[in-house]
Amino acid sequence: MHYQLGNIKVCTEPDYAAMSRRAADIFADAMAQNPDAAFGFATGSTPLGLYKELIERNKRGEVDFSGITTFNLDEYYPIKGDNDQSYRYFMERNLFDHVNVRKESVNLLDGETADAMLECKAYEDRIRLTGGIYLQLLGIGANGHIGFNEPNDHFPGTTHLVELTESTVDANSRFFESREQVPKHALTMGIRTIMSAEKILLVVSGANKSRVLADMLLGHITPLVPASILQLHHNVVVVADDEAAQDIHGMLGRR
Ligand code: F6R
């Protein structure tokens, strides 16, 4: 199914596997069109199927990572890169170690930096120097967050240090041995960084995202639902499975 909601194109697929394949088609097309561009990546469970697809297509020679530069959305702070909960570790394990990306073209925020402010500024400079991000992949939190930009009274600008909310620390503690080990801060691209990407691909899966997907697409643009700002971007594709799309199907009627 397809919906065009303002600037946002929404594709819905029956299940997670089909959603992942559709997202991989879009990602692979963008890489073929712009093989030397910068691409933005996300962690979390939603893109895992897409990453598996890209790995398989890379193995079959259908997708080439050799010319691209990568930038990840966010990273815990502080955290060591070899910690198995770091986003660096996640990306290496779930994508970068299995495709022909050049290691020197992989950019992640440094969770070990002594100077977080400087790291954020240097990251923005690096993005700018590569000519900006051509396609940014996003997931969405059930509260509407993108990156680590949580509901707030304003839209944060560029890459910055955030203090994680108690609820995010709680939610993330399932991945750590104890709550004390969960980093209390993170470095994240800001909303302006994300909005500067030429194209945005948002992947959404599961019934627990259905409400927020409808809110971000059909509700007011508000920092209380950070992803709602995407309504103002000129080139966004949302790929959702039917569970995540159940509220928009209900509100708009299946098409
Ligand atoms: C990941 C990120 C987060 C996730 C979001 C959804 O780098 O920045 O905003 O995209 O929390 O996570 P999942 O996909 O696990 O539901």
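Analyst: Asp241 touches Glu13, Asp15, Tyr16, Met19, Val204, Ser205 and Gly206, leaving aside its neighbours within four places in sequence. The model is predicted. Asp241 lies in strand S11. Its relative accessibility is 5%, so Asp241 counts as buried.

One of those contacts is also a strand partner. Glu13 is the bridge partner of Asp241 in S11. The pairing behind this is parallel: strand S2 (residues 8-13) and strand S11 (residues 236-241) share six bridges. Strands of a sheet pair through backbone hydrogen bonds, either parallel or antiparallel. Asp241 and Pro14 are 227 residues apart in sequence, yet their C-alpha atoms lie 5.6 Å apart in space.

Now the sheet around S11. The strand belongs to an open sheet of eight strands, ordered S1-S2-S11-S10-S7-S3-S4-S6, with mixed pairing. The edges are strand S1 (2-5) and strand S6 (106-107), each pairing on one side only.

Go along that order to S3 and S7. Which ring pair joins these two strands? Phe39 and Tyr134 do, as an edge-to-face pair with 6.0 Å between centres and 80 degrees between planes. Phe39 lies in strand S3 and Tyr134 in strand S7 (residues 133-138), so the pair ties together parts that are 95 residues apart in sequence. Phe39 is buried, at a relative accessible area of 0%. Tyr134 has a relative accessible area of 13%. Buried means under 20%, so Tyr134 is buried too.

Phe39 has another ring partner. The structure holds ten aromatic pairs. In one of them, the ring centres of Phe27 and Phe39 are 5.5 Å apart and the planes meet at 40 degrees, so this pair is tilted. Phe27 sits in helix H1 (residues 16-33) and Phe39 in strand S3, so the pair links parts twelve residues apart in sequence. Phe27 is buried, with 0% relative accessibility. Ring pairs join Phe27, Phe39, Phe41, Tyr51, Phe96 and Tyr134 into a cluster.

The buried residues of helix H3 (residues 87-94) are Tyr87, Phe90 and Met91. They span an arc of only 95 degrees around the axis, which puts them on the same side of H3. Strand S3 (38-41), helix H2 (48-59), strand S4 (69-72) and strand S5 (74-77) are among the elements that cover them.

One more buried site is worth a look. Thr193 is found in helix H6 (residues 191-195). Its relative accessibility is 6%, so Thr193 counts as buried. Its contacts, leaving aside neighbours within four places in sequence, are Glu124, Ile127, Gly157, Thr158 and Thr159.

Finally, the whole protein. It has eight helices and eleven strands. The radius of gyration is 17 Å, close to the 18 Å that the globule rule gives for 255 residues, so the protein is as compact as a globular protein of that length. Along the principal axes, the C-alpha atoms fill a box of roughly 50 × 45 × 35 Å. Buried residues make up 54% of the 255 residues. The accessible surface comes to about 11400 Å², and 50% of it belongs to carbon and sulfur atoms. Among contacts between residues at least 6 apart in sequence, 79% join residues at least 24 apart.

Notes. Residues numbered from 1 in each chain as written. Predicted model: local features only at pLDDT ≥ 70, side-chain atom pairs only at ≥ 80, totals over all residues. Heavy atoms only, no water. Buried < 20%, exposed > 50% of the residue type's maximum accessible area, 1.4 Å probe, protein only. Helix = DSSP H or I, 4+ residues; strand = E, 2+ residues; numbered from the N terminus. Arc of directions from axis to C-beta. Contact = heavy atoms within 4.5 Å. Rg over C-alpha atoms; globule rule 2.2 N^0.38 Å. Areas by Shrake-Rupley, 256 points an atom, 1.4 Å probe, with all protein chains shown as cover. Phe/Tyr/Trp six-rings, centres within 6.5 Å; stacked < 30°, edge-to-face > 60°. Pairing = 2+ DSSP bridges.
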